[in-house]
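The notes below are grouped by topic and can be read beside the sequence and the model.

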Amino acid sequence: MSEQEHIFLRSGLPPEETARKLAEALGASIIRHDDGEIGIHRPAAADPLRSIGGVVIENEYGDDDPVAGEESVYDGYDLVLELWLSGRTDEELLHAESRRFFDEIVAQLHWPAVHAKVGAALYSAWSSSRGRTDFPPGTSPYAETRALWEPYAHP
Amino acid sequence: MSGTDGIRSDAEAAHRSLEDAAERVGRAVAEAAELELSAAAHGWTGVAQAMSSEQEALAAAAGSLGEAQAAVTAGISALTPVGEEPSSDEVAARLAGVVARLDAALDAAGRAAEGLGTALELAAESDAESLAWLVDDAADSLGTAREALETAATAAAAEQSAAGAWGTTGVGGDTRPSPSTTAPAHIAQPGNVRGPLGEHFRPGVHDPEGHFTEKERAIADWLSAREPGASIHPRIRDPAKHEKSPDAMIRSNPDDLGVITEFKTMDRPTIGAVKDNLKLGTRQVVAHGNGHVVVDGRTVGVTQTDARLGMPASSVSDDTMAGPYLGGSRSFWATDRH
């Protein structure tokens, strides 16, 4: 499970309620993990024998009050959907399926959202006022590319 | 065709027959629902009730068919061709996992057969001929699947037994006993289940099926080079289960129960990325009670100073930065807590 991607959200709802709305919108099933976290999952479009999904948790990444130079695009988001694939690691399939999740979430739920790989890459962001931006390959979620993601930083 | 190829072929045939059975059960459910509505419209409450029960029996069978398909998929996955010359211990342990999954599939297929038997009786009692034909077709497909599963499971058990008899494939003549079908779970799946390996313990990285990605393997090799006495196994992830699963189990001696370990590879040399990778890794191992996180910063030039700056104060202890796995100045090892 070492490979994950993340969709940061500002739903205005607690994690459980957010998970239920996500499951409804994405045609996914609810799952309660052994550690109590709530998640969603559904068969992967490209390989139905595997599933894509993850947990909806309070955002632990980034920093509520970052020092100058250590800001990230997701500091201002309260929830995160942490996504992984069942079975063997497959980064390309994980990215394709995560992107599908992001597309459906912003199209159906209209919550401010950021698609990223924590610690590594920023892919896309959406807000009702700014619409959608797909960032160039190699865009960082951290301060070095702040000019690119700043409009989506505090939804 | 090798023994493993034959097992795979039979298991794949079983999966296809299970799919056929599931598809026919789906059509039978639709037929039963239609008959229930029609009977209710005519006021034939007895038939309507029978068709409702029919749908329940078919739904139970469908659930068991799904379990069987998932178990077969997991068994096929566990048969993945090896990427290096495995030891007898590793081959036997892998085959024990395959046998266990195929046995689970057989159990589920047996439950599905019971459900279809009930459904067939109900259809016959209601004179629902077309429905009975559908259920009978599903039962035929399931019968074919069970035969193929029996063949695959028997062959896998025989291969496992043969692997256990090899005896001397290890470096320097490995004559230790190999696991059997009744081996404890931590011997059959040393990467997934904590427990002492005892006489099965062997130092090094044990990943003959290539479960580690290239990045994970680089970390495992780095750890093994710095701690030559450690035994490192990948955790095998079941594609049929959406569960949290860190990367590896590491044991330092034959009596060690094992430490669940998550590997992280840095993509960016920033303090924020160090913090976030530690949080990511810690979340994985804490979900299993506890464990270690190994973060590889070598490829992006993260220094020990960067690592210290990125580590939350609660996770810094004397051994997190000075432990036996902490070697070079550009790689570090950290754990949330012991």
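**Overview**

In chain B, 71% of the contacts between residues at least 6 apart in sequence join residues at least 24 apart. The model is a predicted one. In chain A, residues 24 or more positions apart account for 52% of the contacts with a separation of 6 or more.

**Make-up of the chains**

- Chain B has 338 residues, of which 51% count as buried.
- Its secondary structure consists of nine helices and six strands.
- Chain A has 155 residues, and 46% of them are buried.
- Three helices and eight strands are found in chain A.
- Read from the N terminus, the elements of chain A follow the order β-α-β-β-β-β-α-β-β-β-α.

**The sheet of chain A**

- Eight strands of chain A form an open sheet with antiparallel pairing, in the order β2-β3-β4-β5-β1-β6-β7-β8.
- The edges are taken by β2 (29-32) and β8 (131-134) of chain A; each has a single partner strand, so one side of each has no neighbour in the sheet.
- On average, neighbouring strands of this sheet are turned by 20° against each other, direction ignored.

- Strand β6 (residues 113-117) of chain A is joined to β7(A) by five bridges, and the two strands run antiparallel.
- In this pairing, Ala113(A) stands opposite Trp126(A) of β7(A).
- β6(A) and β7(A) form a hairpin with three residues between them.
- Gly119(A), in the turn of that hairpin, has a positive phi of about 85°.
- β7(A) also pairs with β8(A), in the antiparallel sense and over four bridges.
- Here Ser124(A) is the residue opposite Asp134(A) of β8(A).
- The link from β7(A) to β8(A) is a hairpin through three residues.
- How far is β7(A) enclosed by the rest of the structure? Strand β7 (residues 121-127) of chain A has five of its seven residues buried, so it is largely enclosed.

**Two helices of chain A**

- α1(A) packs against helix α2 (residues 91-108) of chain A at an angle of about 100°, and their axes are 10 Å apart.
- The two helices are therefore roughly perpendicular to each other.
- On the side of α1(A), the contact is made by Leu22(A), Ala25(A) and Leu26(A); α2(A) contributes Phe101(A), Glu104(A), Ile105(A) and Gln108(A).
- By class, this contact has five nonpolar, one polar and one charged residues.

**The core of chain B**

- The largest nonpolar core has 67 residues.
- Val25(B), Leu116(B), Val135(B) and Ala152(B) are the residues with the most contacts inside this core.
- Helices α1 (3-42), α2, α3 (88-125), α4 (129-166) and α5 (185-188) of chain B each supply at least two of its residues.
- α3(B) gives the largest share of the core, 19 residues.
- As background, nonpolar side chains tend to be buried together in soluble globular proteins.

**A buried residue of chain B**

- Ile232(B) lies in strand β2 (residues 231-234) of chain B.
- Ile232(B) counts as buried because 26 C-beta neighbours lie inside 10 Å.
- Leaving out residues up to four places away in sequence, Ile232(B) touches Val205(B), His206(B), Ala220(B), Leu223(B), Ser224(B), Ala248(B) and Ile250(B).
- Ile232(B) and Arg251(B) are 19 residues apart in sequence, and their C-alpha atoms are 6.6 Å apart in space.

**Where the chains meet**

- The contact takes 24 residues from chain A and 29 residues from chain B.
- On the side of chain B that touches chain A, α2 (45-77), β4 (259-265) and α7 (271-286) of chain B each supply at least two residues.
- α7(B) gives the most to this side, with eight residues.
- The residues on this side of chain B comprise seven nonpolar, 10 polar and 12 charged.

Notes:
Residues are numbered from 1 along each chain as its sequence is written. Chains are lettered from A and ligands numbered from 1 in the order in which they are written. This is a predicted model: local features need pLDDT of at least 70, side-chain atom pairs count only at pLDDT 80 or more; totals for chains, interfaces and linings use all residues. Two strands pair if DSSP finds at least two bridges between them. Axes are lines fitted to C-alpha atoms, for helices over the stretch in contact, and angles run from 0 to 180 degrees between N-to-C directions. Two residues are in contact if their C-beta atoms, placed from the backbone, lie within 7 Å. Ala, Val, Leu, Ile, Met, Phe, Trp, Tyr, Cys and Pro count as nonpolar, Asp, Glu, Lys and Arg as charged, and the others, Gly among them, as polar. Angles under 35 degrees count as roughly parallel, over 145 as roughly antiparallel, 65 to 115 as roughly perpendicular and the rest as oblique. A residue is buried if 20 or more other C-beta atoms lie within 10 Å of its own, exposed if 12 or fewer, and partly exposed in between; C-beta atoms are placed from the backbone. A nonpolar core is a set of buried Ala, Val, Leu, Ile, Met, Phe, Trp, Tyr and Cys residues joined through C-beta atoms within 7 Å.
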